[in-house]
Amino acid sequence: MTTKLSIARPEDVLAAVPILLGFQPEKSIVMLTFGGEHQVHGRIDLPPPGEVEGCLDSLLLPAVRHQVRGVLLVLYDSGPRFGLKIARRLVERLAECDIELIGCLRVQDGRWFDPLGFHGVPDEGVPFDVGAHPFRAQAVYDGHMVRRSRTELADSIASVPAAVAETEVALEQASAMKVYEVGRLVDDAIAGTVLSAGQVASLLLALRDPQRRDAAWGGMTREEARAHVRLWTDVVRRSPDDHVAHPAAVLAFAAWLGGDGALAWCALDRCFASDQHHGLGMLVAHMLEGAVPPTAWEEALGQPAQSLR
């Protein structure tokens with residue numbers, strides 16, 4: 001992400017969150033971090049009352065691992081009483097982890113509230129509208145898309161029935177590509193070539209083999225990540241359910257490498273719906289849960305790696 005955000009006011013925070021996540025959160029806890037080895041921005045669904053502790057663990061563990069010094073929290077659609085309960089528990093957990101709480105906002109129905117008294121706002125909250133905020137204009141200029149919800153983001157990689165039907169017909173006649181053919185096809189596609197239904201079918205058959213699958217993603221660079229996201233989004237949307245796990249895992253990896261964790265999680269949802277124990281998918285999930293930065297991949301590119309089945 002090239003957009004640089006300098007946060008000074010609560011409205012800046014509320015404009016920044018959807019840009020950092022890639023979508024407007026709903027019923028969520030969002031964590032922005034400051035200091036530490038890497039920036040660790042996270043989001044979890046608002047937990048049921050009986051599952052708060054486990055959810056907070058998953059949110060805070062990456063901050064602890066990366067030695068974050070300060071955290072800013074935003075609670076979306078929590079309601080005043082439950083929001084206050086979560087905010088107070090987060091304060092306790094952060095103190096236990098020796099992490100400073102910089103601020104905490106609660107957002108509901110177009111207003112922001114101050115559950116812990118950082119800003120001394122009225123009980124009825126402060127109305128806000130970040131649609132015309134300079135952060136949004138800068139994000140558009142930088143080519144950074146912000147979806148209206150996570151559902152809309154997930155829909156962007158959902159199956160296209162007509163295209164899936166074409167692939168299913170092509171699969172009846174297709175044969176798997178050789179390793180070098182996979183690499184060549186991927187190179188052509190990220191350069192802008194639109195794949196035919198027959199090429200998608202042959203690629204899907206090739207991806208069933210770990211060595212050929214590695215040829216599709218193993219040498220991916222951060223500079224190529226966006227082009228790979230475009231390619232594998234297209235392939236995922238054209239893949240039958242019984243073939244989608246492999247391209248969805250590659251899409252998840254490309255999205256992580258490009259810094260789009262939200263899209264990576266959506267791709268993993270599609271991968272694991274088809275194969276709950278997919279090797280590459282589980283690797284990407286582990287990296288996302290641990291907030292492993294994409295820069296780590298540059299260090300691993302020169303090292304031999306085992307195939308992920």
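Author: What follows is a set of questions and answers about this model, which is a predicted one.

Reader: How do you know which parts of the chain count as domains, and what makes them neighbours?

Author: The division comes from an automatic or database assignment, and it gives domain 1 as residues 10-146 and domain 2 as residues 153-299. Their C-alpha centres lie 31 Å apart, yet 8 residues of domain 1 are in contact with 10 residues of domain 2. Between them the two domains bury about 560 Å², with 55% of it on carbon and sulfur atoms. On the side of domain 1, Phe23, His38 and His66 supply 43% of the area buried against domain 2, which is more than any other three residues supply.

Reader: What makes β1 and its partner strands pairs?

Author: Two strands pair if there are at least two bridges between them. Strand β1 (residues 28-34) and strand β2 (residues 42-45) have 4 bridges, in the antiparallel sense, so by that rule they pair. One of the bridge partners is glycine 42 in β2, which faces methionine 31 in this bookkeeping of bridges. Strand β3 (residues 70-76) is joined to β1 by 7 bridges and also runs antiparallel to it, and here leucine 32 has leucine 72 as its bridge partner.

Reader: Why is arginine 93 called buried?

Author: Buried means a relative accessible area under 20%, and because the value for arginine 93 is 11%, the residue is called buried. Arginine 93 is found in helix α3 (residues 80-96), and, leaving aside residues up to four places away in sequence, arginine 93 touches Glu53, Leu56, Asp57 and Leu60.

Reader: How do you know that arginine 106 lies over a ring?

Author: Part of the test is a distance, for the CZ atom of Arg has to be within 6 Å of the ring centre, and the other part is an angle to the ring normal. Arginine 106 lies over the face of phenylalanine 113 at 4.2 Å from the ring centre, a value that is within the distance limit of 6 Å.

Reader: Why is the pair of phenylalanine 253 and tryptophan 297 given the name edge-to-face?

Author: The ring centres of phenylalanine 253 and tryptophan 297 are 4.9 Å apart and their planes stand at 80°, so this pair is edge-to-face. Because phenylalanine 253 lies in helix α11 and tryptophan 297 in helix α14 (residues 295-300), the pair ties together parts that are 44 residues apart in sequence. Tryptophan 297 is called buried because its relative accessible area is 14%. Trp217, Phe253, Trp256 and Trp297 form one aromatic cluster.

Reader: What covers the buried residues of α13?

Author: The buried residues of helix α13 (residues 279-289) include Gly279, Leu280 and Val284, and their cover includes α9 (210-217), α11 (245-257) and α12 (261-274).

Note on methods:
Residues are numbered from 1 along each chain as its sequence is written. This is a predicted model: local features need pLDDT of at least 70, side-chain atom pairs count only at pLDDT 80 or more; totals for chains, interfaces and linings use all residues. Side-chain values use heavy atoms; hydrogens and water are left out. Buried means under 20% relative accessible area, exposed over 50%, partly exposed in between (1.4 Å probe, protein chains only). Helices (H or I, at least four residues) and strands (E, at least two) are DSSP runs, numbered from the N terminus. Contact means heavy atoms within 4.5 Å. Rings of Phe, Tyr and Trp (its six-membered ring) pair if their centres lie within 6.5 Å; planes under 30 degrees apart count as stacked, over 60 as edge-to-face and the rest as tilted. A charge sits over a ring if NZ of Lys or CZ of Arg is within 6 Å of the ring centre and within 35 degrees of the ring normal. Buried area is the accessible area (1.4 Å probe) that two parts lose on being put together, summed over both.
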